Structure formats: C-alpha cells, structure tokens
Amino acid sequence: MSISKNKKSEPKILVFSSSAISDPGIDMAGSAHMHYSTDVQIIPLPCSSGVKPSWVVHAIQQGFDGVFIAACGGDCAYLSDCPNRTSAAIRMAQDLMKENDISPKRLKMSGICSVCADNFVDHMNKFQKELEKLDSK
Amino acid sequence: MAQKRKIGVYVCHCGGNISDYVNVEEVVEGVKNEPGVEVAKTHMFSCSDAAQQLMIDEIKEKQLDGVVVASCSPKLHMFTFRGMSERAGLNPYQYVQVNLREQCSWAHTNDKIGATEKGINLVRAGIAKCILSHSLSAIRIETKPSALVIGAGISGMRAALSLADMGLAVHLIEKEDEVGGWALKTALMGPEAQNGPDIAEKLIARIKQHDNIMLYTGAELTEKSGNIGDFNVKVRLNDDSEVTLNIGAIIVTTGFDTYVPQDGEYGWGTDGVVELKDFRKMLNDGKLERNGKPIKDVVFIYCVGSRQKKTETCENPNSYCSRYCCTATTFTAKTLHALEEKTGQTVNQYHLYRDIRTYGKMETVYEEARNDGALFLRWDPENPPVVSQADGKLLVKVQDELDGNDEIEIGADLVVLSTGMRPRDNESLDDILKIPKSKDGFLNEIHIKLRPVETVIDGVFIAGTAQSPKTLAESVASSLAAVAKTGGLLKKGYVDLEPLIAKVYEDKCTWCDECLKACPYGAIEKNVCGDKEIAMVIGALCKGEGACVPVCPHDAIDIEGFRDDQIIAMIDASIKDIK
C-alpha cells in the first residue's frame, strides 16, 4: 500500500506543548473532534519554560514553516512565573532566528490551558494563514 | 547510536477510534523500515490484557530494548504500558507513548490521508525518541516516620491526631500562644449547632495526652531544607530558642483571615455596623441589646468581601465565594430566633443576599430560617445596599430583585456584615515553603480534583482554609485527605521519584551559575569535579520542568527523557518525507 500524494500542501507547524497543561487542552480539541490541519505536529515537553531556542531554529531549518509554543501560562504547576520565563526563552529564540535569517514571525506563543481546546484550534488556523501570507511575499 | 537498537512498535486500532480515520496498516508500513525497528504491528486494543501479554512475550522473545505504543493520550495509558514494559523485563523509561488518538485520529476525522501521514510522522518521532532512550531508575528515598503540621486550628489538630494514631511522630507547631484557631472563637456553628470551643477543647485535650504528638505554641518555622521523606526544619519558639527537627512530610494548615471591610463599605465604621462573628458572640452572651436599648430590627448583609468585582475602590477584589458565610448567617438567623423564643423579645430579621449558597444538606438551615420568619431580600451587585444613619437609627436602602426592584428602606438597630475569608498573610512562611498560590492568593494544590491536597513541593501537603475557603467539615475532610497521603508516604518507608530530571554534562559545564539562578527549587549546587567547578543536580529536589535548559549558555544541561539529542531527532523524524 502506498499513500497517494497528498492534497494541497499547507504550512507545517511544529507545536511544543507542555504535558501537564496544554497537552490536555490539545487532547480535548481532539476528543471534541474539532478539526485542525494535519500539518500540525506536536512534541510534548514537561513545561514551556524549557523550550530551547536552538530547537525552534532547527525545526524551521528542517522544513517546518512555523513553531508554536503552547505555553503553560498562569496554570503552570512548576513555576509561578512560568509566562515570564517562557517569554524570555522566546525572546532568545527570536534573536537566534534573526541571526539565522529566519523571520521571528515564524515563532508564536500563547498560553493554552487544559481546557483551551477552541483557543488552540483558532491559533492553529490563524497561524497557518499568517504563515501563508509570509510565504507568498 | 553505537549499537543497534531493537525496538518494538505497536500501533493501536483502539477499536476503530484510531483505525477509522488513520490507516494503521499504512502507519506500520511507513515505520517498519525505520532504523532500530525490530518489529512493527497493530493491535485491536493495545491496553487489553491479551494484547499486553502478546507484547510482553515478544519483548522477551526478541529481546527488545525499546517499545513504542501508538495509541491514546499518555494521560490515559502511559503508566499502563510502563508497567507492561517492567513486567517484560524492560526498563519503563525505554517505553515511549505516541498520542495517535486525541492528537491525531480524533482531531482529523475529516482528512484520512492527512491523518495517516501525520500518524506516520508522530510514530517516527516516537521511535526517534525511543532509540535515544536509556535505562533509568527511579530515585529511591527512605522516609522518616515523622511529620510536621503547621497551624493548630481544627484542621491541623485533626491531622496531627490521625497521624499520631497511625504511629507516626507528629510535631504540631502553632504561631499563636493558644491552639484551637477560629473554632475556639466561634460559639455555635451551623448546620447542626455544634459548639466551636467544645470541639476545639476536646481535640486539644487529646493532643496534650497523645504520646506521639509534640505541641509547640508561639512557634514559627524558620528554615526548611532536604526533600520529600527527609526534611530538616528549624522551629523558633517564643523564648527565641530553636529546635531542629528531622521529618518526612509537612502538612500546612495555616487557615484563613477574615475580611475586614473598608471604611464606609456597607456603613463599616458607623456605630451599630458589626461583623457576623461579633454578633454571634453577642447572641452567645444571650443579650439582645445594644447601648442599653433592646434590639428590634437587624439587617444582615451577605457577600461582604466575597465575589467582588474590580472597581476604583476595590483594586484587588476577592472574586471567590467564601462558602461558609451563607450557612453561618442563615444559621445565625435560627440562633437569633431561638433566643427570641427564650426571652420573649421580638426581633425582625432582614437578610439582604445575592445568592443563597447553603449547598447540600445545609439547605435545610436556610429553609428553617425562612420558616422561622426571617425575611430574605435579594440584591443585584450593580445596586448594592446602602447603609446610612438617620434619627439615631441605621437606615438601609435596598432594591429587592424579588419584588420588582422596588427600593425598600429598613430602619435598623444593628447591621451585621457577613464577611468572607481572606488568605492569611504569612510572608516568612511563604518564603520558606515556596508553595505556589492560586490567583485568589490561597495555597494551591496540584490539581483541584485529582490531586487536591498535594503541592508541587513533593512531601508538602495543604489542607483546610489555607488552601481555599471551606466550611469546617470540608476543612476536616481535606485535612484527613492530607493525612491519608502523608501516612501512605511515610508508612511505606521509602518513596520512588521520577528520574526524568535535569542532568549536567561535566565536560561542557563551566559553572556560570545561570542554572542555579533559574531553579526555583534549590536543586542546583556547586560541585568541585577534579580541578573544575561544575553544577550538580540534587535529584530529589529537581522537578524536571526544564527552566534551566534554555538559560544555559553552554548547552550543558538537559532533562532526561527530553534531552537535546532526543528533541532534535524527534523534529527531524516529524518532518521526514512520507515515501
């Protein structure tokens, strides 16, 4: 069996999600059969504060069009200042992206809580549109 | 990898939950030639006993050194399959679960081809992670058979007694000189007219007699070090002497403070406007008079300091419901009525409420209060009652929602404010324990439903109103829940911790102390290794959240299970072309 070459290609997004907070939110989107693009791949991590800037750059260099960090936000069970720490990691990642001639617009972050299913799907749809625009320029 | 891995990949149909939308046979085809894959196949229900046995047999027979199950969310069955791996003699940390249902088949029921392609990439990423996995062992810590309980209100005393009855040594410390907490200061309590001081004194007597309990009053925690099962704490006593204790777990039952109204809030500061607790004292003394005059009309105002909205005058609103006040106030209505009957003095009661939250069986208290003749008027938070003074009496204006919002004026001898609970200010204790707080300012549990008395600090539990507003019964229930968790931990004698924590690469580390600054758990220490200084991770304190990882300028720190090489390999596998 082989897969027939697929449909129109959509921007590919890599999501780093946090296993305690945003993963349940993304799971919930699936449980509710809310549809988003199959070009969204997800890698779970313990906490969004631990995303390494080099991973973001590597993902884009390998062919992802954008990276989305589904952050723990204020619900983080580990760090009360998780949003600040995640933002700091994002700023470092944006700097590294610029150094590598990658538009920082290819990186997005938003807090995705454990019941933020709608929110996640909206973010994916919006981000794909933004990435499409970015690539048509 | 130096040596070739032998990985088993099992793709689950989940009945049809996965295979109706993801072609699981194509997923197997797409991954079976990945490096390291020894066997790849599907199962109808991977979690079934039969399928688990088949996998166990295969792991043993083919001597697999890694297993990937692509099925439901790891939230459901990660521990199931870790257990299966262990039974097969495989290290559970060489097992990887791929979320092929919640994050693939169910999210893409409209795109079977896309879902199958995504599925292949998800499983490939799982394999890539598994190839780089290695055997890890849980961090085993011996636990000390003793506990520290902070705060000797009803919750703390009840916890201390139950732990002591289990045969554990208990150190109960109380900041005040007197134990008993709020109950000691509250006379009759709803819903069943128990006497607060009686309850408290019975517990105090038992505590003083109990061989396993050491009670310290006028005592404060000044230092805490160590980790779950083996903490060292220092307690300062009121004569400034200090005791050092070695304990296995801590229960925090520091309780609440009452809300103190702002000047002018519902007439606060005006003669005749009192808090519920003071009115209850008055009833307990059996006198229905104020300034020598008999009381004829009493107005109760509910939700004072609870369920607040942010306004100019209220910058930090208490947005929560304090839970106990509706029952306490309607119960006070009953107590007042009983006193009326006893003295023959008539008192008109007006209860101005927003919503009556006498939930569960406390509802009967509300019903009895109404049957006794208390009048209930409902106000809208947009139009709160206004209290002023007129002709030596208090004048309360309220728009009754239940009566067409007509403004009603009540002349009152006494206005009783039903004030809510506030988180207690315990700055020095907060600094020592580092328990996260909720947005309401109370101590926060890990999960309100699933782990309701545990905190992110392993071995530190919370109970009672330190955690959130609660009734006394609810406080005791949570305190006994904390006892069950503490007892389970300490009676076992040891605890196994997840080894998915930070690790330092000695060759890369230059001790710049960035990781130390990033770690809120004190899990990093400076260590001398040969002739250089490097960071060292204290396994029992590290939470493995990874805050230290992005801040390390030398890529010298990783989280096990989420190591740099694993994540890079997962990214590469996720984007590989489907042939």
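Which residues of helix 9 (residues 276-285) of chain B are buried? In the predicted model, the buried residues of this helix are Leu276(B), Phe279(B), Arg280(B), Met282(B) and Leu283(B). Around the axis they cover an arc of only 155°, which means that they lie on the same side of helix 9 of chain B. Several elements of chain B contribute to covering these residues, including strand 8 (188-189), strand 16 (273-275) and strand 17 (289-290). Strand 19 (297-304), helix 10 (325-343) and strand 25 (414-419) of chain B are also among the elements that cover the buried residues of helix 9. Helix 9 of chain B is followed by Gly286(B), which has a positive phi, near 80°.

Chain A contains 4 helices and 4 strands, arranged along the sequence in the pattern β-α-β-α-β-α-β-α. Its radius of gyration is 15 Å, close to the 14 Å given by the globule rule for 137 residues, so chain A is as compact as a globular protein of that length. The C-alpha trace of chain A spans about 45 × 40 × 30 Å along its principal axes.

Of the 137 residues in chain A, 55% are buried. Among the contacts in chain A with a separation of 6 or more, 76% are accounted for by residues 24 or more positions apart. The accessible surface of chain A comes to about 5,800 Å², and carbon and sulfur atoms hold 50% of this surface.

Key
Residues numbered from 1 in each chain as written. Chains lettered and ligands numbered in written order. Predicted model: local features only at pLDDT ≥ 70, side-chain atom pairs only at ≥ 80, totals over all residues. Heavy atoms only, no water. Helix = DSSP H or I, 4+ residues; strand = E, 2+ residues; numbered from the N terminus. Rg over C-alpha atoms; globule rule 2.2 N^0.38 Å. Buried < 20%, exposed > 50% of the residue type's maximum accessible area, 1.4 Å probe, protein only. Contact = heavy atoms within 4.5 Å. Areas by Shrake-Rupley, 256 points an atom, 1.4 Å probe, with all protein chains shown as cover. Arc of directions from axis to C-beta.
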